[in-house]
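Subject: The structure we talked about

Hi,

Here is the structure I promised to pass on. Have a look at it first, and then read on for what I found.

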Amino acid sequence: LPVVAVVGRPNVGKSSLVNRVLGRREAVVQDVPGITRDRVSYAAEWAGQRFTLVDTGGWEKDAAGLDARVAAQAEAAVALADVVVLVVDATVGATATDEAVVRLLRRSGKPVVLAANKVDDQRGEADAALLWSLGLGEPWPVSSVHGRGSGDLLDAVLAALPDELLASRQRPSGLRRVALLGRPNVGKSSLLNKLTGSDRVVVDATAGTTRDPVDEVVELAGREWQFVDTAGIRRRTHQASGADFYASLRTQAALEKAEVAVVLVDGSEVLTEQDVRIISTVVEAGRALVLAVNKWDLLDEERRHYLERELERELVQVRWAPRVNLSALTGRHLERLVPALDVALESWGTRVPTGRLNSFLGQVVSEHPHPVRGGKQPRILFATQPSTQPPRFVVFASGFLEAGYRRFLERRLREEFGFEGSPVELGVRVRE
Ligand code: GDP
């Protein structure tokens, strides 16, 4: 993992900045015991990039011989860092010690990101700007007390990391993988063509990676997405006889590789059994799901009315899936696909902390206990979420829970924690 070291003289707010970075919901992963007493490293994550954050703490403790210690610490941290964050107190400005550290950092040749700390308000921005004088480029104003600016600072840190260390540039699996599914003639190839159209960039498979040649990387909303098994869509193999069988094999193979499926249905026609079957396959495969109702340009008021009732009736089991009403022909609402994919993928990867899960379930169960059956009432003891993608919960109970009650629990979990666009699994273990 790339290593990011935070250095700075005493009292500039270095440690609170580190805590701020780690305390962000997105950033924390876990503590790692310090490499030495004076240096502590943490596993951190920002924007999907994992890195090791090294806090060069301990300078504060020893006032005597400070300069030498500062130098030694900075040197050690810098030696092992890929990027250094130099924290300066913007309210004080650059001191002689700061300048000494800058000289040392410069000699190391490592990229340095300058954090101008204690910029708690608009006025502080002017103080921050004065730090251009350190010759380290743009000072990033942050307030480790209010959390202001720390996201921008982290973006700058990631931007300063050498390319070969970045996860997204290392592995094609950093791309989100999408399967575009639907029965013949719903408009899959039309949609794919529209999405890869001349106004958007189609990126070739990167050399040296094992990306499947039948996949296409498509840039949408400024990001790259891997559409899996698009050759099958473009080739229209499904017109052959025995089409259903091969189509369903292909659907399964695509789901195997995908994280999220966009299931296209034809809004101008009655929903068919095959549409419903494809949607069930996605749920059974445990993939995130976005529903796209195509050919919206053909629908009149009356058809729309009936369509709503059909969807409501046929697709109750995926009421949680985000839906986009679009037209591959006119391009209507295509821009809504990416936000829907983002929501579904985020839900798919959600982990509920065990404490929160249990305090919530405790409350639900006390308000709505399991019904008494045969003189017995199963008690719910404890729940955990052992895995994500999709979220899977295990409830430990003193007896068997009936299907209706399990569905009730799942519904309440969804109401509380969202999971829009993702299947949720709920298992029960009976403990005597
Ligand atoms: P696929 O078999 O799912 O790949 O479907 P195609 O993309 O080949 O589309 C089947 C037919 O529907 C073609 O004649 C398309 O022109 C037409 N079509 C696709 N999308 C739309 C749409 O949004 N509106 C209308 N009116 N026609 C569409």
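Which residues does Leu114 touch, not counting those up to four places away in sequence? In this predicted model, the list is Leu86, Val88, Leu131, Leu134, Leu136, Gly137, Pro139 and Trp140.

The largest nonpolar core has 42 residues, and Leu114 is one of the five that touch the most other members, along with Val84, Leu86, Ala115 and Ala116. Strand S5, residues 83-89, gives this core its largest share, six residues. Apart from this core lies another one of 41 residues, including Ala254, Val263, Ala344 and Trp348.

Now for the strand that holds Leu114. Strand S6 covers residues 112-117, and six of its six residues are buried, so S6 is largely enclosed by the rest of the structure. If you turn the model around this strand, you will find Val112, Leu114 and Ala116 pointing one way, while Val113, Ala115 and Asn117 point the other way. The residues on both sides are all buried.

Helix H3 (residues 96-108) makes a right-handed β-α-β unit with S5 and S6. Helix H4 (residues 122-129) makes a right-handed β-α-β unit with S6 and S7.

Past S7, have a look at His146, in the loop between strand S7 (139-141) and helix H5 (150-160). Is His146 buried or exposed? His146 has 12 other C-beta atoms within 10 Å, and because 12 or fewer counts as exposed, that is how it is classed.

Finally, the overall picture. The protein chain has 432 residues, of which 34% count as buried, and it contains 14 helices and 17 strands. Among contacts between residues at least 6 apart in sequence, 68% join residues at least 24 apart.

Happy to go through any of this with you.

Best wishes

Conventions:
Residues are numbered from 1 along each chain as its sequence is written. This is a predicted model: local features need pLDDT of at least 70, side-chain atom pairs count only at pLDDT 80 or more; totals for chains, interfaces and linings use all residues. A nonpolar core is a set of buried Ala, Val, Leu, Ile, Met, Phe, Trp, Tyr and Cys residues joined through C-beta atoms within 7 Å. A residue is buried if 20 or more other C-beta atoms lie within 10 Å of its own, exposed if 12 or fewer, and partly exposed in between; C-beta atoms are placed from the backbone. Helices (H or I, at least four residues) and strands (E, at least two) are DSSP runs, numbered from the N terminus. Two residues are in contact if their C-beta atoms, placed from the backbone, lie within 7 Å. A crossover is right-handed if, with the strands pointing away from the viewer, the path from the first strand over the helix to the second runs clockwise.
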